[in-house]
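Subject: Structure for you to look at

Hello,

Here is the structure I promised to hand over, and below it I have written down what I found, step by step, so that you can follow along in the viewer.

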Amino acid sequence: MAQKTYQLYGKNFLPALDNELSELPYAVDFQSQPTLVIKDNDLFLITDTLGNTVAYADTQKYTVTGLFCRDTRFLSRSELQIEGVSPVLLGSCAETGYSIIVDSTNPTIKGVLKPGAVGIKRKIALRGALWEEIELRNYSTSPLEFEVSLSFQADFKDLFKIRNYDRRSHRGRHLKQLSIEDNYLSFAYQGLDNSLAESLINFCHHPPDYIKGNTVVWHVKIDSQEVFQFGYYLQTKMNDQPSSYVALPESYQGAIKEAKREEEEWYQGITKIRTDSTVINNIIEQAQEDIYLLLQSFGFGKVLVAGIPWFSTLFGRDSLIAARQTLMFDSRIARDTLLTLAHFQGSENNDWRDESPGKILHELRLGELARCDEIPHTPYYGSVDATPLWLILLADYFHRTGDRDILDKLWSNAIAAMNWIDDQSKKTGYLTYLCRSSRGIQNQGWKDSGDCIVNSRGELVEGAIALCEVQGYVYGAKIRMSEMASIIGDLSLAQKWKTEAEELKERFNRDFWLESENYCALGLDETGNPIDSITSNPGHCLLWDIFTHEKARAVGDRLCKPDLFSGWGIRTLSSLSPAYNPMGYHLGSVWPHDSAIIAQGLHHIGMVDQALIVTEGLIAMTSLQPNNRPSELFCGFSRQENHTPVKYPVACLPQAWATGVIFQLLEIIDNGQLNISVPY
């Protein structure tokens, strides 16, 4: 019986087997190992240190690699072999952020190659596509003849599937294109939403000698000191259109040139910051590179995505905090973040997406699960703090730039955002959250893990919750937007928001204060009772002036006690709590962005020495990280002499609001007063 053919976008396809194996078995060792990460706008690539992507179906517990765009893995295998074995790694790096260089050589291949006879250089870049050039140099004194191969596979898995968040029992169909050129390899997948995803591979320089299934083979003959070069580019498409915002260059060299040109243009527009400290300068330089790496297009300029690998997409809270952190460094990021999030501002009441009119989104996803409405991220709005943070950023952006055009353009969005806050606060007087979506996030503040909202007995608190820091954000938003309303010329609205802020401050200092602890509660539960655990959350309130002066000082003092301050940063939960776990995601770990907000708050209320102590801990921690990158979070163990911070196993690197911490801390450091102490 003839196989059924499918005609899609003028191309003919046959069904293909849905498996990860090609005709040539894997040669790599499938164990958890270091990776290299590069990104250019909306494309990002994770490889092993040999430059391979090696996503084998039965090794989900091992390192994730692949080429990703629009929350889809367009390449799950690109493995280089020489006579069927893996090269021997000499060294590799991804220092530019958009390109990888790998140097390797051959092992002993009996009867074919002596060890170290061939130098193998892989040059990989992202620019509108994945580009790779491979150079083989004969370092022996006689001619050599051998086979080298590249094995490819594209599984087109949704990022949520790779993260094991996919509940579906079946997927779409893998397809193979009929009548394709000899110098060409094609992978295709028709999703359950009938969209067509394609990975199209074109070979350059030396064409392959033959292609067997998904393995491409070159028969190499090279004289002593001669170089044999071959390569390819892989373009990703959705519904016969490029999936990347970036135009396709003509060659690998063109890709490098275009990527470098755009990066240099961006550097021309940023604030140049240097100090008299080599340690801090190295950290600043890495932070600059990572900020550029994390910028991504969503149709309204470029916004900072949250982090790589899992969160390379538009977020509300994360993008807003990172944009505010970097406002003094590059105000264009804040402008584009405001415009992008305003475009996606909630317009209807939708329980599935936790959406309401005026609300700012939490997370946007573009993969198959989102397109099939199997997850609510189209976008998803389950964030209680993104909306007041958007208002704060709008006011801070205007104060920094005086950009009246943006203020006028977004004023109706600001009114809608404030109306959502007021509507959501009607019942209790406080901005609360309660998840409405069956696949939503239960805890909708920045500490959004399922087990992090606990009382002083370590018991989980559920239901509608008013977090303390969120009320601080609302107060800050009302005060700042009152000033903006005056500038717009709406004096009655300005007075209304100012009065509401003053009333909120009075209620807050009464209802959230724990007299027995002389500290602020984490939040209020749905009955209005304080959630009395000792956490880092009240530290966010210092920056917005919602506390009375006496209470602000009491909070500042308590944050610097040993149960909260680890020496590297502020723990998310006191070490005296029954629920404390230094390895817990939000139950005792240290998050740099959390600690930096607190340091800024301490500085703001005049506790300068304490602010500098927290700042020193964060800078020292960063100086001890690989490549001087601050981790998304790290374990909350106390700082000890000659010990480095204990890593959290699956933290994102780089991560936007961790990277943004560096620019936040620079505003605290004053005239070289910071003395950095590192173990070695």
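Please keep in mind as you read that the model is predicted.

The side chain of Glu 132 meets that of Arg 122 in a salt bridge, with 2.6 Å from N to O, and Arg 122 likewise counts as buried, at 1% relative accessibility. Glu 132 belongs to strand S12 (residues 130–138) and Arg 122 to strand S11 (residues 118–126), so the pair ties together parts that are 10 residues apart in sequence.

Elsewhere, salt bridges that share partners join Asp 40, Arg 127, Glu 262 and Lys 302 into one network. The other pair is Lys 426 with Asp 423, where the closest N and O atoms of the salt bridge are 3.6 Å apart. Here Lys 426 is exposed, with a relative accessible area of 67%, whereas Asp 423 is partly exposed, at 46%.

Next, please turn to helix H4, which spans residues 317–325 and is mostly covered, 8 of its 9 residues being buried. Among these buried residues are Arg 317, Asp 318, Ile 321 and Gln 325. What covers the buried residues of H4? The covering elements include strand S22 (302–304) and the helices H5 (331–343), H7 (386–401), H14 (592–604), H16 (656–659) and H17 (661–666).

How do H4 and H5 lie relative to each other, roughly parallel or roughly antiparallel? Their axes come within 8 Å and cross at roughly 155 degrees, and since angles over 145 degrees count as roughly antiparallel, the two helices are therefore roughly antiparallel to each other. The crossing of H4 and H5 is left-handed. On the H4 side, the contact is made by Ser 319, Leu 320 and Ala 323, and on the H5 side by Ile 333, Ala 334, Thr 337 and Leu 341. Sorted by class, this contact of H4 with H5 has 5 nonpolar residues, 2 polar ones and no charged ones.

Best wishes

Note on methods:
Residues numbered from 1 in each chain as written. Predicted model: local features only at pLDDT ≥ 70, side-chain atom pairs only at ≥ 80, totals over all residues. Heavy atoms only, no water. Buried < 20%, exposed > 50% of the residue type's maximum accessible area, 1.4 Å probe, protein only. Helix = DSSP H or I, 4+ residues; strand = E, 2+ residues; numbered from the N terminus. Contact = heavy atoms within 4.5 Å. Axes fitted to C-alpha atoms, helices over the stretch in contact; angles between N-to-C directions. Parallel < 35°, antiparallel > 145°, perpendicular 65-115°, else oblique. Left-handed = near helix turned anticlockwise from the far one by under 90°. Nonpolar A, V, L, I, M, F, W, Y, C, P; charged D, E, K, R; others polar. Salt bridge = Lys/Arg side-chain N within 4 Å of Asp/Glu carboxyl O.
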